[in-house]
Amino acid sequence: MVAWSEANAKIEALQTVESLTQYLEGKKVYSFDLLSGFSCPFAKECLSKATENSEGKRTIKDGPHTKFRCFSASQEVQYTGVYNRRKNNLDSLSKLDTKEMIKEILAAMPKDVGVCRIHVAGDFFNEKYFLAWKESRFCLVNSWRTTERHGSVESVTIVAEK
Ligand code: SF4
């Protein structure tokens with residue numbers, strides 16, 4: 001089963017965004033994350049991956065064009081729980097079709113989610129996964145954001161349906 005993540009310090013700041021406060025009364029900010037690099041089809045200058053050897057030791061592997069190392073891939077090398085959760089999310093979803101993905105994501109959704117940042121780590125790895133979020137029962141509060149770094153849609157903030 002996939003897992004959502006509690007807000008880190010950076011996205012906790014969404015609590016202070018005036019337009020979001022209506023969704024956060026008694027509710028919290030979460031993120032939904034995937035393994036960095038492995039889920040990022042358009043990553044180029046930021047591409048890094050946490051790779052694991054047969055003994056379970058993880059090291060960072062940069063891509064052929066990396067200019068700035070992905071911070072979330074570095075976290076995945078450092079923290080086993082973070083690596084396992086993001087890897088499990090990607091492995092679980094990549095086997096499913098869009099309807100199954102929606103079911104899986106919603107089944108794991110915390111009851112007190114008010115706002116979710118999709119992808120503190122990771123990206124929309126295929127069209128089926130993109131559609132899973134688009135067709136799920138959420139209200140998008142900011143448009144798909146294009147990253148300056150590599151031009152892909154990397155992250156979205158959503159609000160749980162009221
Ligand atoms: S797209 Fe984001 S998560 Fe993926 S490698 Fe680049 S910086 Fe990391």
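Hi everyone, let's start at one residue: leaving aside residues up to four places away in sequence, Met 101 touches Leu 93, Leu 96, Lys 128, Tyr 129 and Ala 132. By touching I mean a contact, with C-beta atoms, placed from the backbone, within 7 Å.

Before going on, a word on the model. It is a predicted one, where local features need pLDDT of at least 70 and side-chain atom pairs count only at pLDDT 80 or more, while totals for chains, interfaces and linings use all residues. Residues are numbered from 1 along each chain as its sequence is written.

Back to our residue. Is Met 101 buried or exposed? Met 101 is buried, because 24 other C-beta atoms lie within 10 Å. The cut-offs are these: 20 or more other C-beta atoms within 10 Å of a residue's own make it buried, 12 or fewer make it exposed, and anything in between is partly exposed, again with C-beta atoms placed from the backbone. Across the chain of 162 residues, 31% count as buried.

Met 101 sits in helix H4. Helices (H or I, at least four residues) and strands (E, at least two) are DSSP runs, numbered from the N terminus. H4 covers residues 98-107 and packs against helix H5, residues 127-135, at an angle of about 55°, the axes being 8 Å apart. Here the axes are lines fitted to C-alpha atoms over the stretch in contact, and angles run from 0 to 180 degrees between N-to-C directions. That angle makes H4 oblique to H5; under 35 degrees would be roughly parallel, over 145 roughly antiparallel, 65 to 115 roughly perpendicular, and the rest is oblique.

Which residues make this contact? From H4 come Thr 98, Met 101, Ile 102 and Ile 105, and from H5 come Lys 128, Tyr 129, Leu 131, Ala 132 and Glu 135. Met 101 and Leu 131 are 30 residues apart along the chain, with their C-alpha atoms separated by 9.3 Å.

Now the wider view. The chain has five helices and eight strands, and from the N terminus they run β-α-β-β-β-α-α-α-β-α-β-β-β.

Five of its six residues are buried, so S5 is largely enclosed by the rest of the structure. Strand S2, residues 28-32, pairs with S5 in the parallel sense over five bridges; pairing takes at least two DSSP bridges between two strands. Along that pair, Phe 32 stands opposite Ile 118 in S5.

Technical notes:
Two residues are in contact if their C-beta atoms, placed from the backbone, lie within 7 Å.
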